[in-house]
Amino acid sequence: RPQCADSAHRQQGWRYRKYSDGKEIAYGYRPDYVLYQEKEYIIFEFESGSSRKTFVGDMIKAAHFLRNERSGILVLVISLTEKVRDIASIAAHLRPYFEWVKNITKLNKIYIIDINAYYNGQRTLEVELPEFLEQVVMID
């Protein structure tokens, strides 16, 4: 995983802080990076594989974690491959599963972005700012 999520993000006037960088945050759940502000979380998963099961697993685990007093979003940062050539195909695959769980979770939305758009080697896009939103496919 690149060092691209290590700076604090701002969103709607909130300043997010690091919650976890790969450590277990719930039994069996070790997302790549998590930011938080009070009870709001931004969960990042950096994926370089092409398994659609991995993307569904990322979403299900985030949905399970974001229940009760916790709410937030999932950001899937994807390295495109020969098998996964565009982020829209990942979104199309995830959408029915998100519809299935959204009434039992406080996972509010999922952003899917290409790693090369999210991080250019020097600068990371801040989640939900206009430049970020121009690059993502969103599921909500």
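Helices here are DSSP runs of H or I with at least four residues, strands are DSSP runs of E with at least two, and both are numbered from the N terminus.

**The loop between α3 and α4, with Arg123.** The model is predicted. Arg123 lies in the loop that joins α3 (115-118) to α4 (130-133). Its relative accessible area is 42%, so Arg123 counts as partly exposed, the class between 20% and 50%. Leaving aside neighbours within four places in sequence, Arg123 is in contact with Tyr118 and Glu131. With Glu131 there is a polar contact from side chain to side chain, at 2.8 Å.

**Overview of the predicted protein.** The protein has four helices and eight strands. Read from the N terminus, its elements follow the order β-β-β-β-β-α-β-α-β-α-α-β. Of its 140 residues, 42% count as buried. Among contacts with a separation of 6 or more, 62% are between residues 24 or more positions apart. The accessible surface amounts to about 7,600 Å², and carbon and sulfur atoms hold 46% of that surface.

**Packing of helix α1 against helix α2.** Helix α1 spans residues 52-65 and packs with α2 at an angle of about 35°, the two axes being 10 Å apart. The crossing of α1 and α2 is right-handed. From α1, the contact is made by Arg52, Phe55, Val56, Met59, Ile60 and Ala63. From α2, the contributing residues are Ser89, Ile90, His93, Leu94, Tyr97, Phe98, Trp100 and Val101. Sorted by class, this contact holds 11 nonpolar, two polar and one charged residues.

**Thr105 in the loop between α2 and β7.** The loop that carries Thr105 runs between α2 (87-101) and β7 (107-114). Thr105 has a relative accessible area of 12% and is therefore buried, the cut-off being under 20%. A polar atom of the Thr105 side chain lies 3.0 Å from the backbone nitrogen of Leu107. Apart from neighbours within four places in sequence, Thr105 is in contact with Ala63, Leu66 and Arg67. Of these, Ala63 is also one of the α1 residues that make the contact with α2.

**Arg67 in the loop between α1 and β6.** Arg67 is found in the loop between α1 and β6. Arg67 is partly exposed, with a relative accessible area of 32%. Its side chain reaches the backbone oxygen of His64 at 2.5 Å. Not counting residues up to four places away in sequence, Arg67 touches Ile104 and Thr105. The C-alpha atoms of Arg67 and Lys106 are 5.3 Å apart in space, while the two residues are 39 apart in sequence.

**Ser71 in strand β6.** Ser71 belongs to strand β6, which covers residues 71-78. With a relative accessible area of 12%, Ser71 is buried. Its contacts beyond four places in sequence are with Lys39, Glu40, Tyr41, Leu66, Lys106 and Asn108. Leu66 is in contact with Thr105 as well.

Glu38 is not a glycine, but its phi is positive, near 55°. Glu38 is found in the loop between β4 and β5 (40-47). Its relative accessible area of 58% makes Glu38 exposed, because exposed means over 50%. Asn68, likewise a residue other than glycine, has a positive phi of about 55°. The place of Asn68 is the loop between α1 and β6. Asn68 is exposed, with a relative accessible area of 54%.

**Gly22 in the loop between β3 and β4.** Gly22 sits in the loop between β3 (17-20) and β4 (33-37). Gly22 is partly exposed, and its relative accessible area is 33%. Neighbours within four places in sequence aside, Gly22 is in contact with Arg30, Pro31 and Asp32. From Gly22 to Glu45 the separation is 23 residues in sequence and 9.6 Å in space, C-alpha to C-alpha.

Conventions. Residues numbered from 1 in each chain as written. Predicted model: local features only at pLDDT ≥ 70, side-chain atom pairs only at ≥ 80, totals over all residues. Heavy atoms only, no water. Buried < 20%, exposed > 50% of the residue type's maximum accessible area, 1.4 Å probe, protein only. Polar contact = N/O pair within 3.5 Å; in protein donor to acceptor, adjacent residues only side chain to side chain. Contact = heavy atoms within 4.5 Å. Axes fitted to C-alpha atoms, helices over the stretch in contact; angles between N-to-C directions. Left-handed = near helix turned anticlockwise from the far one by under 90°. Nonpolar A, V, L, I, M, F, W, Y, C, P; charged D, E, K, R; others polar. Areas by Shrake-Rupley, 256 points an atom, 1.4 Å probe, with all protein chains shown as cover.
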